[in-house]
Amino acid sequence: MRRREFITVLGGAAAAIAAPRAARAQPGERMRRIGLFFPGTADDPDAQLRAAAFMQGLQELGWTLGRNLRIDYRWGAGDAERIRKYAAELVALAPDVIVASGGTTVGPLQQVTRTLPIVFLQVVDPVSGGYVASLARPGGNATGFVAFEYSIGGKWLELLKQMAPRVTRVAVLRDLGLASGSGQLGAIQAAAPSFGVELTPVDVRDAGAIERAVTAFARSSSRGMIVTSSALASVHRGLILALASRHRLPAIYSSRNYVADGGLICYGPDVYEPVRRAAGYVDRILEGEKPADLPVQAPTKYELVINLKTAKALGLEVPPSLLSIADEVIE
């Protein structure tokens, strides 16, 4: 299904999410409760699409808002204190299961509860994070879907060099507060010597720090940028894209939403696929299965997206070899 068609289909699901829950459970049918916890903001269109994809998956499995299902939403807005507060709030509501996106939400949730079922999304290394005992046998109250393996960092650098061969110094934007931030940076560092690239790590802790670091980095030529996967990077997506454009920095990102908003290139898993698959895990948990017995799953689909308009603005000629393997080219 093409993205436009997918978004059209999700429109109905998004409307259902926003609609008042006027309907009541039918006689004899138990109302179940789900917490949905995102680290970003409620007005992020991409996050709304993910929430709609999850709702659509549940509807296909027979769950209907107001009839047999209630959903409580919390949005962390990239703020650690707010995320801790909302984690406690969600657990206090005693939902049947919580769906949490990213390690920034899963960690605080497990600090509050080790019994309430959690299905996670967009987590890079759940074993090192302490969320599960192993991928095959999670063993606790959480299971879910990993974002990718750290080795993808080397692929980001390779693709950036293919797109912009003259780049010799690369800023790597990552979240120091996450183990996955160090893991992604480590994979890029391991690949850097083979591409003749010098790296400059940049923390994404707040907007001011990002702007100062990227502006200082971009003062000389032959610069590029890699934006690793993190909730904070997503929260600051608009700023990061504006800085890349202002300083004419060829940049690669971890997900399509950056490129749809004007970024140059991205490579990473389809972010909507695991959300739909998570609905299946939630359904199984609501039917009585335990997270401890449901293996953590890896992505099954990756996508390479290129923005030709941005490439032209940067004076870059996209290699035919990249165009031939791109899943989508934005013109």
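Reader: Is Asp206 buried, exposed or partly exposed, and what is its relative accessible area?

Author: This is a predicted model, in which local features need pLDDT of at least 70 and side-chain atom pairs count only at pLDDT 80 or more, while totals for chains, interfaces and linings use all residues. Residues are numbered from 1 along each chain as its sequence is written, and side-chain values use heavy atoms, with hydrogens and water left out. Buried means under 20% relative accessible area and exposed over 50%, with partly exposed in between (1.4 Å probe, protein chains only). Asp206 is partly exposed, and its relative accessible area is 32%.

Reader: Which residue forms a salt bridge with Asp206?

Author: A salt bridge here is a side-chain nitrogen of Lys or Arg within 4 Å of a carboxyl oxygen of Asp or Glu. The closest N and O atoms of the pair are 3.9 Å apart. The partner is exposed, with a relative accessible area of 52%, and is Arg205.

Reader: How many residues apart in sequence are the parts that Arg237 and Asp44 tie together?

Author: The side chains of Arg237 and Asp44 meet in a salt bridge at 3.2 Å, N to O, and both residues are buried. Helices (H or I, at least four residues) and strands (E, at least two) are DSSP runs, numbered from the N terminus. Arg237 lies in helix 9 (residues 237-246) and Asp44 in the loop between strand 1 (32-38) and helix 2 (45-60), so the parts tied together are apart in sequence by 193 residues.
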